[in-house]
Amino acid sequence: MDENNPLGLDFTTPINPLEALSGLAQNVQRNVSSGLQFINGAVRHVPTFLTEVRESFTPKQQPEQTEFDQKIAISPTNVGRIENQLSNTIASGIESTGDLLGVPRSISTPVAGAIGAITTPGVGDMKLAFGAGGAALTGAVTLKNPKILKPLGLETGDEIVDAAQAKFNTKRLQKIEQSASKELTAKEAIQNLKDTYGRKPSKAENELVYRMFSRAEGALGRAKEDLSRAQSNVFADKDVYFRSTPSKKAKAVEIINRRTYRKIPNNVSIQIDEHHGFPKGMSAALFDRMDQFIAKGIADPDDLLVMARHAERKGALAGDYKSNMINLVKKPHDELHNYLKNSGDELSKKQWIDVARKAKTPDDLLIIFDDLLDRNVIPNLETAKIWQPLSDLIEDIQKVP
């Protein structure tokens, strides 16, 4: 195995964007197996009940079970919802109490996060926290590679998931499950339509059936996107920027500026797209692999956070966060994706899942992840940052008589 290329992937980065925009790029043929079936991206979580966490305390540390606890253990649905603003206070209080009792944060923090999630209004929060769908508990960093950990100021065994992050983890898993369920429902709807009508007709052939297919296909596309976004967003302390009100305002200002400085008539529409510098399908597939290790009990949620922090430290923050968003006019945006696909640097999510599954341990995954950052994500991110200015420049040159 080549130390500098552990996967044997033949990326063409760093990309020459001028060559790409001139249409001179060569297509690199890729043979990436996609034999393993995509199981809707749903993470299989090992059920973990709060009563099991309680049993992990030493006898001296184990609190006496109250009547309220017994009611919870018997029927979680008996517990009423508490005001959302109390959840963070409760979680922090549990952590502080645990510190006074000498309870390790690896126990008190996950309990605090789970209880904080329970007290937040939202369908399914309680089910998740009590293990029906898996609770977002934590332990400590299990990763061992000092090249990854040392630059982050971390060591194996460090506990880096606080109460807020633990609560976020629970909600993240809930979103993943919900999106995976919607994706499966949409696929079933499309299959039912195919079983009934054979194929999607043209609008002229049968407008009603055409619209039925289109609605189901739209639902599938939205569910897939929502799933990748839920898998890619792993930080509790960062605000989602993608399609947010601030991002919409920024695009509106950019459209006005482009009309002014590039003298674009008002009757010519301008569409600004938000491009993920770190592709969401790619980050979703890689983070999902760590989620699988966590579900199997061979990694902890702390390891997923290390993974995301490592990418951020190298300048390639994954997810819907502002520093990962690059505004591009639609045509250049489409041209960028086409070029990356033709050059072999942009794969489908299914293909990235196949790449991620080459990792058999969490540390293997970080080796693959780090290699992809250096030879794919970061070079392509830098290309995307200058793609729009270069596209504008070439357009201006072409206008010169």
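Helices α11 and α15 run roughly antiparallel to each other, a label given to angles over 145 degrees, with those under 35 counted as roughly parallel, 65 to 115 as roughly perpendicular and the rest as oblique. The model is predicted, so local features need pLDDT of at least 70 and side-chain atom pairs count only at pLDDT 80 or more, while totals for chains, interfaces and linings use all residues. Residues are numbered from 1 along each chain as its sequence is written, and side-chain values use heavy atoms, with hydrogens and water left out. The chain has 15 helices and two strands, taken as DSSP runs numbered from the N terminus (H or I over at least four residues for helices, E over at least two for strands).

**Packing of α11 and α15**

- Helix α11 (residues 280-296) packs with helix α15 (residues 362-399) at an angle of about 170°, and their axes are 10 Å apart; the axes are lines fitted to C-alpha atoms, for helices over the stretch in contact, and angles run from 0 to 180 degrees between N-to-C directions.
- On the α11 side the contact is made by Met282, Leu286, Phe287, Arg289, Met290 and Phe293, and on the α15 side by Pro362, Leu365, Leu366, Phe369, Leu372, Asn376 and Val377, where contact means heavy atoms within 4.5 Å.
- These contact residues divide into eleven nonpolar, one polar and one charged, with Ala, Val, Leu, Ile, Met, Phe, Trp, Tyr, Cys and Pro counted as nonpolar, Asp, Glu, Lys and Arg as charged, and the others, Gly among them, as polar.

**Nonpolar cores and burial**

- Of the 401 residues of the chain, 47% count as buried, that is, under 20% relative accessible area, with exposed meaning over 50% and partly exposed in between (1.4 Å probe, protein chains only).
- The largest nonpolar core has 50 residues, and Phe278, Met290, Met307 and Phe369 have the most contacts inside it; such a core is a set of buried Ala, Val, Leu, Ile, Met, Phe, Trp, Tyr and Cys residues joined through side-chain atoms within 4.5 Å.
- Two or more residues of this core come from each of α7 (146-149), α11, α12 (301-313), β2 (325-329), α13 (330-342), α14 (349-356) and α15, and α15 gives the most, with eleven residues.
- Methionine 307, setting aside neighbours within four places in sequence, is in contact with Leu286, Phe287, Met290, Leu365, Leu366 and Phe369.
- Another core, of seven residues, lies apart from the largest one and includes Ala186, Leu193, Val209 and Ala216.

**Buried polar residues**

- Histidine 275, in strand β1 (residues 272-276), counts as buried because its relative accessibility is 5%, and its side chain is joined to that of histidine 333 by a polar contact of 3.2 Å.
- A polar contact is a pair of N or O atoms within 3.5 Å; within protein, one must be able to donate a hydrogen and the other to accept it, and residues adjacent in sequence count only if both atoms are side-chain atoms.
- Serine 247, in helix α10 (residues 245-261), is buried with a relative accessible area of 2%, and a polar contact of 3.4 Å joins its side chain to that of glutamate 274.

**Links across the sequence**

- Among contacts between residues at least 6 apart in sequence, 77% join residues at least 24 apart.
- Histidine 275 and leucine 381 are 106 residues apart in sequence, with a C-alpha to C-alpha separation of 9.8 Å.
- Leucine 340 lies in helix α13, and its C-alpha atom is separated by 8.2 Å from that of asparagine 380, 40 residues apart along the chain.
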